[in-house]
Amino acid sequence: MLSKSMQDALNKQVLMEAQSSQAYLAMASWADIQPGLKGVTQFFFKHSDEERMHMLKLIHYINDRGGFAVVPALAQPVLTFVSLKSAFEELLNHELAVSSSINDLVDSALKEKDYATHNFLQWYVMEQMEEESLARECNDKLELIGDDKSGLYLFDRDIVSMGGPGK
Ligand code: FEO
């Protein structure tokens, strides 16, 4: 059975994953109306779906352990971006914040000696390592590309096969 404090902490993570899904959905919609970003659009839509899956996994876990998963209200995410680079910078910053939140949860689980939750969270720890690494790779590539249009063309083409989150 989850403690009240662990249930509340996990519900905060439900909110964070839902916000992530919403933020990447907005990035997808923005990319969708930019010329020549079909690959990036696909990447953001897929990433949004992955975040929803992260949220659902938490909801099932909370309820399975005798808690009550709260479906949260969501604020409107950022809708437009000055550049593709700035969208990917936001994505990386977002993932770093999620990693930090997961680390805090792991810490709380250990302090409470809630080893089942600690074990459950290990999947998220690994997932965050992958997501951070992928987000950094995208930012590094965009930094190299700068304003080079042929570089951007290749980036958009290649991002579809870069595995994506949760690969
Ligand atoms: Fe589920 Fe990308 O954090």
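How many residues does H4 have, and how far does H4 reach from its first C-alpha to its last? In this predicted model, where residues are numbered from 1 along each chain as its sequence is written, local features need pLDDT of at least 70, side-chain atom pairs count only at pLDDT 80 or more, and totals for chains, interfaces and linings use all residues. Side-chain values use heavy atoms, with hydrogens and water left out.

Helix H4 has 31 residues and reaches 45 Å from its first C-alpha to its last, close to the 45 Å expected at 1.5 Å a residue; the expected span is 1.5 Å times one less than the number of residues. Helices (H or I, at least four residues) are DSSP runs, numbered from the N terminus. A kink of about 25 degrees is centred on Leu121 in H4, the bend at a residue being the angle between axes fitted to the seven residues ending there and the seven starting there. Just after H4, Gly146 takes a positive phi of about 55 degrees. For the 27 residues of H2, the span should be 39 Å at 1.5 Å a residue, which agrees with the 39 Å between its end C-alpha atoms. H2 is followed by Gly66, whose phi is also positive, near 85 degrees.

The largest nonpolar core has 24 residues, and those with the most contacts inside it are Val40, Phe44, Leu84, Phe88, Phe155 and Ile159. Such a core is a set of buried Ala, Val, Leu, Ile, Met, Phe, Trp, Tyr and Cys residues joined through side-chain atoms within 4.5 Å, where buried means under 20% relative accessible area, exposed over 50%, and partly exposed in between (1.4 Å probe, protein chains only). Helices H1 (4–32), H2 (38–64), H3 (84–111) and H4 (115–145) each supply at least two residues of this core, and its largest share, six residues, comes from H1. A second, separate core of 20 residues includes Met55, Ile62, Ala109 and Phe120.

Within helix H1 lies Glu17, which is buried yet has no salt bridge, the nearest side chain of opposite charge, Lys57, being 11 Å away. A salt bridge is a side-chain nitrogen of Lys or Arg within 4 Å of a carboxyl oxygen of Asp or Glu; Lys and Arg count as positive and Asp and Glu as negative, while His and the chain ends are not counted. Ala75, by contrast, is found in the loop between H2 and H3 and counts as exposed because its relative accessibility is 58%.
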